[in-house]
Amino acid sequence: MADLSGTELSEEKETEIELKKRQKRPWEDLHKSGKIGITPELPETLGFYDISAVRREQREHPADPSLTCFIAAELTRGYFLEHNEAKYTERRERVYTCMRIPKELEKLMTFGFFLCVDAFLYVFTLLPLRVLLAVLRLITLPCCGFSGSRLLQPAQVCDMLKGLILVLCFSMMHYVDYSMMYHLIRGQSVIKLYLIYNMLEVADRLFSSFGQDILDALYWTATEPKERKRDSIGVIPHFIMAVFYVFLHAILIMVQASTLNVAFNSHNKSLLTIMMSNNFVEIKGSVFKKFGKNNLFQMSNSDIKERFTSYVLLLIVCLRNMEQFAWNPDHLWVLFPDVFMVVTSEVAVDIIKHAFITKFNDITADVYSEYRASLAFDLVSSRQKNACTDYSDSVARRMGFIPLPLAVLLIRVVMSSVKVQGALSYTCVFLFYLGLVSLKVLNSIVLLGKSCVYVKRANMEDKLFERPSTSPSSSGKSSSKADQARCPTPSG
C-alpha cells in the first residue's frame with residue numbers, strides 16, 4: 001500500500017511539473033534575473049474569464065490543438081506597452097516634433113525673409129546716398145586738404161564699386177529686349193520649357209555660389225593696404241569680371257522670370273502645374289539623405305533665399321502683366337490664383353521637407369532657434385565698430401543671396417513698365433523713394449532689436465566683443481572656434 005501511495009504521489013508531481021512547463025512564459029527567465037517583474041504563473045489575459053477555469057481546462061485538455069482554443073487565445077491575448085516605455089515615448093516625441101516644425105520653420109523663414117528684404121532695400125535706398133557722400137568727399141578733397149594715407153575709406157571704396165557695377169550693368173541691360181525673349185520662350189514646347197527652367201535653377205545656385213567670391217575678391221583687391229605685398233591680377237580685371245558676372249546673372253534671372261510669365265499666360269496652365277510639381281521632386285532628393293545640423297542650416301538658408309527670389313520673380317511677372325493690360329486692377333484677380341498656387345507650393349514643400357528630414361535624422365525642432373540666433377549674431381556683429389564686412393555682404397555669404405543682379409533686373413523692368421513724364425510723376429517717384437527709405441530704416445530697427453533678443457537668449461553676447469585677429473593663421477583658428485560654438489558659414 002505504501003508503494004502504491006508513493007507511486008500516485010510521484011505521478012501527481014509529474015503532472016504538476018508538466019502543467020507548469022506548459023504554462024511557462026518566455027519572460028520567466030527574465031523575471032528570475034530581475035529584469036522584468038512579472039509573475040510567470042499568471043498568463044496575460046484581457047479578463048474575460050477566470051484563471052482557475054483556464055488551469056482546470058488545461059488539466060482536462062492538456063494538449064488540445066483545436067481551432068476554438070486558438071481563436072480564444074488570439075481574442076484574449078494581451079500585451080503591456082509600458083514594458084518598452086522608452087521606445088514609445090521616443091515615437092511620441094517624434095510626432096510632437098513634426099507638429100512643431102511648421103511653426104519653428106516659419107519663424108526662421110520670416111526672420112530670414114526680412115533679412116533679405118533689408119539687404120535688398122539697401123541697394124535702392126542707402127547705397128545711392130553712400131555713393132553720393134563718397135563722390136562729395138572726392139570733390140571736396142582738394143579744398144579741404146588731404147590728410148592720411150587713403151583718399152577714401154575702405155567701405156566707401158566698396159560702395160563706389162557697387163554703384164559703378166549697378167550703373168554699368170543697367171546700361172548693358174538696355175540692349176536686352178525683354179519682349180523678344182518672352183516670345184522666343186513662348187514658342188518652345190512645354191517639355192523643353194520644363195527642362196530649361198530646371199537648368200536655370202541649377203545655374204542660379206552655381207552663379208550665386210561663385211558670384212560672391214568674385215565680388216569679395218574685387219573688394220579686397222581694391223582696399224588691400226599698399227604696404228602689403230600684392231599677389232593679385234589688379235583691380236581692373238577683377239572689376240571687369242564682377243561686371244560680367246552681375247550682367248550674366250541678371251540675364252539668367254530675366255529668363256527665369258520670362259519662363260514663369262509664359263507659364264502664367266498659358267491657356268491650360270499645364271506648364272505652371274509641371275513647374276510647381278517640380279518643387280515636390282525636391283522632397284525626394286533631400287528627405288532620404290543623411291543630414292547633420294550644419295547641413296540642415298545650409299539648406300534652410302538656401303530655402304530662405306529661394307523663397308525671397310520667387311517673390312521677386314512673381315512681382316516682376318505681375319508688373320509685366322499689368323503693363324500689358326494697361327494697369328487694369330481687375331486683372332490682379334486673374335493673376336491671384338496662380339500667385340497663390342506658387343506661394344502655397346513653396347511653403348508646403350519646405351514644411352514637408354524639413355519635417356521628414358528632422359524625423360529621419362533625430363533632430364529636434366529647437367535647432368531652428370539656434371539657426372535664427374546665428375543669423376541674428378551676423379546682423380548684430382556687422383553693426384559693431386570693428387566689423388569686418390558690410391551687412392548685405394554677410395547675408396550674401398550666409399544665404400547665397402546676392403542682391404545686385406536682382407536689383408539690376410528689377411530696375412530694368414520697372415523703368416520699362418512705368419512711364420515717368422512730367423513734374424508730378426517725378427514728385428511721385430521722389431515720394432516713393434522716401435517711402436522706401438522709411439521702410440528700410442523701420443525694418444532695420446525692428447530686425448536689430450529682435451536680433452539682440454535672440455543673441456541674448458542664445459548667450460552669445462560675449463562673442464560680440466571679441467576682436468578679430470589680424471594674422472591669417474590666428475584668424476583661421478578663432479573662426480573655427482567660433483564656428484564650433486555656432487553654426488558654420490556655408491560655402492554656398
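Biologist: Where is Lys289 placed, and is Lys289 buried or exposed?
Modeller: Lys289 sits in the loop between α11 and α12 (293–324), where helices (H or I, at least four residues) and strands (E, at least two) are DSSP runs numbered from the N terminus. Buried means under 20% relative accessible area, exposed over 50%, and partly exposed in between, with a 1.4 Å probe and protein chains only. Because its relative accessible area is 52%, Lys289 counts as exposed.

Biologist: What kind of model is this, and from which number are residues counted?
Modeller: This is a predicted model, in which local features need pLDDT of at least 70 and side-chain atom pairs count only at pLDDT 80 or more, while totals for chains, interfaces and linings use all residues. Side-chain values use heavy atoms, with hydrogens and water left out, and residues along each chain, as its sequence is written, are numbered from 1.

Biologist: How far apart in space are Lys289 and Asn361?
Modeller: In sequence, Lys289 and Asn361 are separated by 72 residues. In space, C-alpha to C-alpha, the distance between Lys289 and Asn361 is 8.9 Å.

Biologist: With which residues is Glu201 in contact, leaving aside its neighbours within four places in sequence?
Modeller: Glu201 belongs to helix α9 (residues 190–223), and it is partly exposed because its relative accessibility is 26%. Gln256 is 55 residues away from Glu201 in sequence, yet their C-alpha atoms are 8.1 Å apart in space. Contact means heavy atoms within 4.5 Å, and, with the neighbours within four places set aside, Glu201 is in contact with Gln256 and Asn278.

Biologist: Which residues does Asp338 contact, again leaving aside its neighbours within four places in sequence?
Modeller: Asp338 is part of helix α13 (residues 330–360), and it counts as buried because its relative accessible area is 10%. Once the neighbours within four places are left out, its contacts are Phe264, Lys269 and Leu272.

Biologist: Why are α10 and α11 called oblique to each other, and what is the angle?
Modeller: Axes are lines fitted to C-alpha atoms, for helices over the stretch in contact, and angles run from 0 to 180 degrees between N-to-C directions. Angles under 35 degrees count as roughly parallel, over 145 as roughly antiparallel, 65 to 115 as roughly perpendicular and the rest as oblique. Helix α10 (residues 235–265) and helix α11 (residues 270–287) have axes 6 Å apart, and they are therefore oblique to each other, at an angle of about 125 degrees.

Biologist: Which residues of α11 take part in the contact with α10?
Modeller: The contact has seven nonpolar residues (Ala, Val, Leu, Ile, Met, Phe, Trp, Tyr, Cys and Pro), one polar residue (the others, Gly among them) and no charged residues (Asp, Glu, Lys and Arg). Thr259, Leu260, Val262, Ala263 and Phe264 in α10 meet, in α11, Leu271, Leu272 and Met275.

Biologist: How many disulfides are counted?
Modeller: A disulfide is a pair of cysteine sulfur atoms within 2.5 Å. By this rule, the number of disulfides comes to zero.
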